[in-house]
Amino acid sequence: MPTPIITDGTMDRLIKAPRVVLPEPQGLFRDRAARFDALAAHDDSGAYMRFLGQVCRGQAKAYAARPAHAVPEKAVANSRQYGMPPLSAHVTPRDIQWHADLRDVLAEVSAQGQANAQLAAVIAELTSALASDPAKIEAIADRIIAGIPEPDDGPLYPLIGAALQVYFSRLAASLTAEDVGASDVPTVCPCCGMRPTGSLVRINPDRMNYRYLVCALCMTEWNMERVKCTSCEEEKGVAYLTVEVEGRAPADVPIRAETCDECKTYLKIFMQEKDPNIDPIADDLNSLALDMLVDEKGYSRTGPNLLFYPGHD
Ligand SMILES: [Zn+2]
Ligand SMILES: [Zn+2]
């Protein structure tokens, strides 16, 4: 069979699209805060969105407050050579620095906490644990990263999750894309080994129409071809579900659930082309009706949102 000669530039575009895009956390946290604020302005759950905007402002402040400590050379060498995630969240000990990040996030949201007794109690509980029982905080962080939070973790989960995002994204941003080797497991973050919160189809010129999975923890993005299950990598059982959005044709809805009939899972896919300001973390929490719809149809979600305690079945 003759080899097709591609002359339309398709291969050039394939070669140029970056495999891994490391985060720029300062801008991401700031933009996410603005997105939550915008969603709060026309949403039934305005107070909740405003709270999350405040959390993101706390993340931006914490991020700016301290530099990344050095990632061990051996971890980077193993990543370059063998594709092992250099920041592997499941096995790498965390520096105590992330407690300072948590304190900064708490300081930023505490102004709101005064107006809300429940939030004030959560902030007091975390502040006290940071001072006198840091092992408790570490245990919750371990459970969040392992994906097995307990019901008691629920109210503390988003604030601890936010601080972990600051700490891990700071480390990720200190690497270069070349430090992050090609992983054998394309369904988890090549930088820290966590699952993605969702996937984003971008409109940046260098990534136009490419799909990137967005890490729930370190916010690294990595390319995966479209119409492919982000959990089992099968293509044949993939379908898309949306909820109706007033004033938009179904084809123009910017958030879809990408479901897979092979493994009965789903993850949301966010289309920047339909909404350039869409954010895979903020808009995920503003589209929980879609999760309920897909859940009712028997699909399980595969990636967490660290600003949201998922509850239990
Ligand atoms: Zn990651
Ligand atoms: Zn699947």
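Q: Why is Glu234 called partly exposed?
A: Glu234 has a relative accessibility of 33%. Buried means under 20% relative accessible area, exposed over 50%, and partly exposed in between, with a 1.4 Å probe and protein chains only. Because 33% falls in the middle class, Glu234 counts as partly exposed. The model is predicted, so local features need pLDDT of at least 70 and side-chain atom pairs pLDDT 80 or more, whereas totals for chains, interfaces and linings use all residues. Side-chain values use heavy atoms, without hydrogens and water, residues are numbered from 1 along each chain as its sequence is written, and chains are lettered from A and ligands numbered from 1 in the order in which they are written.

Q: Where does Glu234 lie, and which residues does Glu234 contact beyond its neighbours within four places in sequence?
A: Glu234 belongs to the loop between strand S4 (221-223) and strand S5 (238-241); strands (E, at least two residues) and helices (H or I, at least four) are DSSP runs numbered from the N terminus. Beyond those neighbours, Glu234 is in contact (heavy atoms within 4.5 Å) with Lys228, Cys229 and Glu262.

Q: What makes the site of the zinc ion (ligand 2) tetrahedral?
A: Donors are N, O and S atoms within 2.8 Å of the metal (3.2 Å for Na, K and Ca), and water is not among the atoms, so sites may look incomplete. Cys229 (SG), Cys232 (SG), Cys260 (SG) and Cys263 (SG) coordinate this ion at 2.3 Å. Four donors count as tetrahedral if all angles lie between 85 and 135 degrees. The 4 donor atoms here give angles of 106 to 116°, and the site is tetrahedral.

Q: Which parts of the chain does the pair Cys229 and Cys260 tie together?
A: Cys229 lies in the loop between S4 and S5 and Cys260 in strand S6 (residues 255-260), so the pair links parts that are 31 residues apart in sequence. Cys229 counts as buried at 4% relative accessibility, and Cys260 is buried at 1%.

Q: Why is the arrangement around the zinc ion (ligand 1) called tetrahedral?
A: Its 4 donor atoms subtend angles of 96 to 116°, which makes the arrangement tetrahedral. The donors are Cys189 (SG), Cys192 (SG), Cys215 (SG) and Cys218 (SG), at 2.3 Å, with the spacing C-x2-C-x22-C-x2-C in sequence. Cys192 lies in the loop between H8 and strand S2 (196-201) and Cys215 in strand S3 (residues 211-215), so this pair ties together parts that are 23 residues apart in sequence. Both Cys192 and Cys215 are buried.

Q: How do you know whether Arg32 is buried or exposed?
A: The relative accessible area of Arg32 is 2%, so Arg32 is buried. Arg32 is found in helix H2 (residues 25-41). Leaving aside neighbours within four places in sequence, Arg32 is in contact with Cys56, Met219, Asp279, Ile281 and Ala282.

Q: What makes Glu225 partly exposed?
A: Glu225 has 45% relative accessibility and therefore counts as partly exposed. Glu225 is found in the loop between S4 and S5.

Key: Tetrahedral: all angles 85-135°; square planar, octahedral: opposite > 155°, others 65-115°.
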